[in-house]
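Hi,

Here is the structure I promised to pass on. Have a look at it first, and then read my notes below.

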Amino acid sequence: MNTTAQLLQNNKSKILETWMQNQLQDNSLRDDLISNEELRRQSDELISSLARATSTGNVDNIHAPEYETVIEILSDISITRARQGFSPRETGMYVLSLKQALSAILEEKHSDQPEVLYKELLIIHRLLDNLSVVTFETYIKGREEVILRQTDEINEISTPVIRVWDGILALPIIGTLDSARTQIVMENLLQEIVNTGSSIAILDISGVPAVDSLVAQHLIKTVSATRLMGAECIISGIRAEIAQTIVHLGIDLSNIKTKASLATALQLAFSMRNVEVRNSSKKTGFSISR
Amino acid sequence: MIVMTKDTMQIVREQDVVPFRNRVRELSTKIGMSLVNQTKLITAASELVRNMLKYGNGGKVMLETISKNAQSGIRLIFEDQGPGIPDVQQAMRDGFSTGKSLGLGLPGAKRLVNEFDIKSAVGEGTTVTIIHWKHGR
Amino acid sequence: MERIPILKMGPFLLVTIQVDLYDRLALNLENDLISMVSKTGARGVLIDISAVSIVDSFMGRILGNIASMSRIMDAETVVVGMQPAVAITLVELGLTLQGVYTALDVEKGMELLQDKIGILEDPEEDEEAPDDCND
């Protein structure tokens, strides 16, 4: 057994105490997000697994199988912290304060043997530097996961497909239409066409801030895909300035049914499906006949 | 980028196309690719494998599952020892065909996948590499 | 050699493609279908591709060819049941199957065919033809 492992094994409780002290002293400790007991438990677990890993004699390759548990515990901690809203500094300080604790104990033990102290410090520092890199990597991964999930959620809620009538779907598009969004719009719309057996889809672009040639291309793609499925697509909500840009850019929408408002698009859809909406003569309100 | 699995298939007859497509589907299902992205990848692969049979007298395809920045994907490398393409730029244009096809094969395949690379030398052969990521971006 | 069965239903021909197509099989289908149209004098062709998971440019071209060829022989072609993933892929590929009628399922395809043929036999209604499919 090497000295590093011995140090960790024999001074476990002392290291834990110093480390806990270091952590608790640090101003950035978020005692609102994590309790002392929880922190102590995590730290204890990490020191134990680190002692076990170093006892194999490997003190520099953290990608070896004996370090698997250490990495796992550390990744788990930093990913959880990323999700809980810890800052990078707070997360990084966790491992770095262990380094301080270990250094302090080494200094105490080998104060009369500077050469041994130097060698041991070097080993400990290299090992913990590697571990803190892992912490940062997984912290960022945790944050990225949060961002990705939110992007997916936004995409999901921003493209609702509404069944407005038997066989007629409406899809209000709000926000810019980029290629990733078009994919989701298309997938949702086409799947809903299959699910409901609808033959008409109204794409309402009132909520799209601007239509350039790229957005128009995405719209044309959506219409083409709908037609391939055997349904017809109407684009509604074309404002004056959008009509102007479309013509100025020379975009050809002549093959596509377009309407100024969702109401007129719905009227067209009704007439295509031979549905008639009229005011009832006696009663207020309206009745619908086929 | 890390290569996780590696596999090679010889494509010499038209009948080899169906098992090849099934293999691609199997791999992309394994990494959890969505149906639309699977369909795009297999359609692109189908176009390229047809080109290989038609113009390169067949060849081999390397199928790999890869991983980069925590995202997994599929990489397909189509290699033939055919006559090669004299003008790659022209071949990549929509509607260009030396055979009697629509001329959508190469440019269409490029549009369907995330990454596309073609290298060709006259008299030596053509190598096309495509990558499609799990989330299609 | 494998062949895809063609069913005759009144004035229409019905083809349900249940297997993944390779080029030779698709070409055979084109030949068989066209000779069947000429032999039976069918007025409409219905191709159900709901079980097809891949349509690439070659098969797209075959579908277009079938439609154009049957039209010359006075029969309309409707492709029904295309999977969403296939539709998205075809559009991305740049293939929109111009000149091929489409419908959601066999039933709607049949209605569409009856509509189209009714129009042809009744020239008076020609102008008011409901245009609920792509042209």
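**What I found**

D74(C) is partly exposed, with 13 other C-beta atoms within 10 Å (a residue is buried if 20 or more other C-beta atoms lie within 10 Å of its own, exposed if 12 or fewer, and partly exposed in between, with C-beta atoms placed from the backbone). D74(C) sits in the loop between helix 2 (57-72) and strand 4 (76-80) of chain C, and its phi is near 65°, a positive value in a residue other than glycine. Helices (H or I, at least four residues) and strands (E, at least two) are DSSP runs, numbered from the N terminus.

Before you go further: this is a predicted model, in which local features need pLDDT of at least 70 and side-chain atom pairs count only at pLDDT 80 or more, while totals for chains, interfaces and linings use all residues. Residues are numbered from 1 along each chain as its sequence is written, chains are lettered from A, and ligands are numbered from 1, both in the order in which they are written.

Now for the rest of chain C. It has 4 helices and 5 strands, which run β-β-α-β-α-β-α-β-α from the N terminus on. Of its 135 residues, 47% count as buried.

Next, chain A. Which residues of helix 10 (residues 262-272) of chain A are buried? They are A265(A), L266(A) and A269(A). Looking down the axis of helix 10 of chain A, you'd find its buried residues within an arc of 100°, so they line one face of the helix (the arc is that of the directions from the helix axis to the C-beta atoms). An α-helix has 3.6 residues a turn, so residues three or four places apart point the same way. The face turned away from the buried side of helix 10 of chain A carries the exposed residues A263(A) and S271(A).

Just after helix 10 of chain A comes N274(A), in the loop between that helix and strand 6 (276-279) of chain A. N274(A) has a positive phi of about 60° although it is not a glycine. N274(A) is exposed, with 8 other C-beta atoms within 10 Å.

Chains A and C also bring two helices together. The axes of helix 7 (residues 179-196) of chain A and helix 3 (residues 84-93) of chain C come within 9 Å and cross at roughly 140°. (Axes are lines fitted to C-alpha atoms, for helices over the stretch in contact, and angles run from 0 to 180 degrees between N-to-C directions.) Helix 7 of chain A and helix 3 of chain C are therefore oblique to each other: angles under 35 degrees count as roughly parallel, over 145 as roughly antiparallel, 65 to 115 as roughly perpendicular and the rest as oblique.

Finally, chain B. Its 5 strands form an open sheet in the order 1-2-3-5-4, with antiparallel pairing (two strands pair if DSSP finds at least two bridges between them). Strand 1 (2-11) and strand 4 (115-121) of chain B are at the edges with a single partner strand each, so one side of each has no neighbour in the sheet. Strand 2 (residues 59-68) and strand 3 (residues 71-80) of chain B pair over 10 bridges, and S67(B) stands opposite S72(B).

Cheers!
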